[in-house]
Amino acid sequence: MSSFKPLVFSGVQPTGNLHLGNYLGAIRKFVALQESHDCIYCVVDLHSITAQLVHDDLPGQTRAITAAFLASGIDPKKHIVFNQSRVSQHAELAWIFNCVARIGWMNRMTQFKDKAGKDRENASLGLLAYPSLMAADILVYRATHVPVGDDQKQHLELTRDIAAKFNNDFSQKIGELGLGVEMQAGDETVNGYFPLTEPLIDGPATRVMSLRDGTKKMSKSDPSDLSRINLTDDADAISKKIKKAKTDPEPLPSELGGLKDRPEAENLVGIYAALSETSREQVIAEFGGRQFSVFKPALAELAVEKLAPVAAEMRRISADRAYVDAVLRDGGERASAIAERTMKDVRDIIGLLDD
Ligand code: AMP
Ligand code: TRP
């Protein structure tokens with residue numbers, strides 16, 4: 001009995017500027033995984049209309065995220081880069097998953113609660129169903145591994161729940177059609193059509209915090225631009241934001257445990273570790289006992305060294321719109337071919353006539 005071929009999938013929404021959190025929590029991992037896995041990276045434009053339907057420049061935002069992927073080192077020839085709406089099978093499988101998932105599962109999602117705010121009745125139905133489209137993004141390729149930041153963990157658990165319920169509800173049909181694949185679920189070996197996808201959430205920067213408040217996540221939507229380092233910031237802006245970052249008056253501790261209850265210090269140490277590809281322990285070994293007046297300039301220099309070339313490359317690639325569009329078109333065609341194979345199976349499993 002074969003098991004699923006390892007395949008990486010992840011997505012980023014085309015809303016607002018990409019920031020250091022997106023880069024360290026997600027995009028840099030996308031780049032690294034290309035060495036060991038086949039990868040599919042998607043600009044999830046259909047997700048971006050769930051919170052707000054009308055955007056000033058959705059095509060421009062989609063191209064900007066694509067340029068950021070390419071500038072960071074994603075290879076669109078060896079792997080696949082495309083925008084979600086081009087491959088209509090995502091929306092088709094999402095509809096099926098809307099019928100697999102339960103309303104209660106969706107109501108429990110913290111991202112839904114945060115984004116819908118107090119007036120939940122007035123949130124779009126798409127915002128509630130968002131995780132079901134995300135599950136479809138992943139499972140339409142039967143992807144096995146998904147690199148994301150810590151905030152997406154709950155959505156990936158739900159993706160496993162949807163896969164498991166589908167596999168279970170249709171187990172007989174999947175068996176009859178010979179479409180089952182064996183996989184490991186904890187200590188058990190189970191059989192199903194969809195894999196139980198593994199989240200890849202690790203390293204020192206799975207949750208990069210705001211530079212103005214170490215208890216809040218760095219986010220595209222924070223009104224203060226000083227709270228985040230944008231991937232498009234130039235060297236001066238990067239240095240200024242790090243030097244102005246909120247800190248406490250104490251020097252850095254000499255032990256990792258000393259970062260407890262010091263969220264701003266902990267965040268900057270995590271950022272340094274991620275950018276220098278070391279660990280928090282190593283950063284503390286180097287800077288323990290030093291003042292922020294020493295640590296911040298070192299961090300600013302490191303951040304400029306690592307990020308400024310990405311920003312410059314993003315500008316260069318963005319200037320060539322025809323190239324960016326060609327990447328998305330080619331990626332979309334290759335993604336569609338895989339997605340349609342899955343949808344044919346899914347229609348057969350469910351009993352939807354298609355030829
Ligand atoms: P989004 O911009 O919400 O589409 O997020 C794109 C990716 O960046 C997802 O994998 C998120 O988990 C990740 N991400 C977003 N904000 C942060 C953050 N502050 N720290 C780490 N990862 C993040
Ligand atoms: N929900 C993710 C975010 O906000 C974006 C996303 C959509 C995604 N579909 C995905 C991430 C599939 C990983 C896999 O960050």
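**Close-up 1. The oxygen side of ligand 1 and G149.** A polar contact here is a pair of N or O atoms within 3.5 Å. In this predicted model, an oxygen atom of ligand 1 has a backbone N or O atom of G149 at 2.8 Å, so the pair falls inside that cut-off. G149 also turns up among the residues that come nearest to the ligand.

**Close-up 2. Nitrogen atoms of ligand 1 and the backbone.** Take M218 to start with: one of its polar backbone atoms is 3.0 Å from a nitrogen atom of ligand 1. G21 does something along those lines, with a polar backbone atom 3.2 Å from a nitrogen atom of the ligand. As for how much of the ligand gets wrapped up, the protein covers 91% of the 490 Å² of accessible area that ligand 1 has on its own.

**Close-up 3. The shell around ligand 1.** There are 18 residues around the ligand, and Q13, G149, D151, V208 and K220 come nearest.

**Close-up 4. Stepping back to the fold.** The protein chain is built with 14 helices and 7 strands. Its radius of gyration is 21 Å, close to the 20 Å that the globule rule gives for 355 residues, so the chain is as compact as a globular protein of that length. Along the principal axes, the C-alpha trace spans about 70 × 50 × 45 Å.

Definitions and conventions. Residues are numbered from 1 along each chain as its sequence is written. Chains are lettered from A and ligands numbered from 1 in the order in which they are written. This is a predicted model: local features need pLDDT of at least 70, side-chain atom pairs count only at pLDDT 80 or more; totals for chains, interfaces and linings use all residues. Side-chain values use heavy atoms; hydrogens and water are left out. A residue is near a molecule or strand if one of its heavy atoms lies within 4 Å of it. A polar contact is a pair of N or O atoms within 3.5 Å; within protein, one must be able to donate a hydrogen and the other to accept it, and residues adjacent in sequence count only if both atoms are side-chain atoms. Accessible areas come from the Shrake-Rupley method with a 1.4 Å probe; for residues, only the protein chains shown count as cover. Helices (H or I, at least four residues) and strands (E, at least two) are DSSP runs, numbered from the N terminus. The radius of gyration is taken over C-alpha atoms; the globule rule is 2.2 Å times the number of residues to the power 0.38.
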